[in-house]
Amino acid sequence: MKRLIECRICKSSLRKYLDLGSVPLCNNLIVNYSPGTERYPIEVLFCDECYLSQLSVVVDPKILYSEYPYHSSVSTTFQKHCFDLALKLKKEFNQFKYPSVVDIASNDGCLLKEFKAAGFERLLGFDPAKNLASSPYGFPDDSICVVNNFFSEDIAKSVKGDPPGKDGYGGSASFIIAQNVLAHVDDLNDFLKGVNWFLDDKGVFIVEVPYLANLIKGNQFDTIYHEHLSYFLLAPLVQLFHNNKLPIFRVEHLPIHGGSIRIYASKNAYDEESSVEATLEYEYNNGFYEFSNYLSFAKKVDTVRDNLKNELVKLYDSQKKVMGYGASAKGISLLNYCGIKTPYISSIVDDTPDKQGKMTPGSHIDIVDFSHFEKEEPDYILLLAWNFKDELMAKTQHLGANYIIPIPTVSII
Ligand code: JHZ
């Protein structure tokens, strides 16, 4: 574990605003229980110079990502999100004759498969998880190449122009896409140098990250865990991308994952659009560059924790059965901060086969498949993946249970 001594973007000193104690790694699901799970601190620090929020420690990424139980394809909402992006890029950036797409942190190929369905043919992924990309250039669908490694400048250089896989890749990328991965990266400059090396002169780099402004406004403290090293506003990203000669020219605000921003950058090939300035103004006008705002947020975290715990104790005392839905990383971090274990939640259903039959780290709750909803007939379902609330509710409506939605404030419907 490495301790941060300065801001990862601008090297300034940092101030702490949130301390959530020492907790286990959320995606380190338990197969065979043995006491003494390793715990690491969760402290969030603020940079007064570039406004990046960041964790005080960096856990070795090989520990976090060599085996990864999270499969993005489990959510049809996310599949559609990727397909819509493919159609949008096709329509708005149609200057490429044979567009090529690189997906960084391609996971189980969710985005690449959707791009293929939308008509893209030259597709390449990077992902370090062995269980998701089982051979160096292997993939469940062998028309898509995946490099089984972390993306970096060195890896980018070793791959570009050296075609891997059956049909080969080679050449620069028309589109490089990085969804929900930038927050996981410690050496951001190295990552962006790799992107710069790989990107076509007219190419577009598209990044999606959960937006810190939504985290703060929506009390999404459960999304703070060891995988997420940085919590982004647009301002620090503008600085970081400018320093790496990849100026941002567009920002979009999206509902996915509790509210994300999608930014578009290039090697100065496109004019900056008004969305960039408008978002920076929004951040300034709403106090997101002021440390005091973050201290106020930190005070609210305890209220959500206490309310959720009280609600679950009340339901247990009145003999109501509560099951969880979605053994998400954020759900597991929520249970740990709130100190919730069995019997307050009897088990958690998750549709990801890689998670079933295991237990949540810290809270030791069994993760089971969907059939357990029918067998156990819960009175209440705690939506631990509240960001996919509509999808989870649609799948369980027939059970007739009530729902507990923990974030932004505990509500029961
Ligand atoms: P979900 C992940 O966090 C991991 P998590 C990562 N660190 C990241 O950055 C964020 O995403 C953005 C299950 N589920 O997406 C699947 C069903 O069982 O909120 C998942 O285990 N049935 C990369 O883990 C979980 O819920 C369903 O129908 O917090 C959702 O996890 C659906 C929709 C989901 O991300």
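A: Two strands pair if DSSP finds at least two bridges between them. This is a predicted model, and in it A178 stands opposite V207 in β10.

Q: In which sense do strands β9 and β10 pair, parallel or antiparallel?

A: Strand β9, residues 173–179, and strand β10, residues 199–210, pair in the parallel sense, and six bridges join them. Together with helix α5, which covers residues 188–198, β9 and β10 make a right-handed β-α-β unit.

Q: In which sense do β10 and strand β13 pair?

A: β10 pairs with β13, residues 260–265, in the antiparallel sense, again over six bridges. Here F205 stands opposite A265 in β13.

Q: Let us turn to the ligand. Which residues come nearest to the ligand?

A: A residue counts as near if one of its heavy atoms lies within 4 Å of the molecule. There are 26 residues around the ligand, and Y70, K330, D350, D351 and K395 come nearest. By class, this shell has 10 nonpolar, nine polar and seven charged residues.

Q: How much of the ligand does the protein bury?

A: Taken alone, the ligand exposes 730 Å², and the protein buries 96% of that. The elements giving two or more residues to the shell are α10 (329–338) and α12 (389–396); α12 gives the most, with three residues.

Methods:
Residues numbered from 1 in each chain as written. Predicted model: local features only at pLDDT ≥ 70, side-chain atom pairs only at ≥ 80, totals over all residues. Heavy atoms only, no water. Areas by Shrake-Rupley, 256 points an atom, 1.4 Å probe, with all protein chains shown as cover. Helix = DSSP H or I, 4+ residues; strand = E, 2+ residues; numbered from the N terminus. Nonpolar A, V, L, I, M, F, W, Y, C, P; charged D, E, K, R; others polar. Right-handed = clockwise from strand over helix to strand, strands pointing away.
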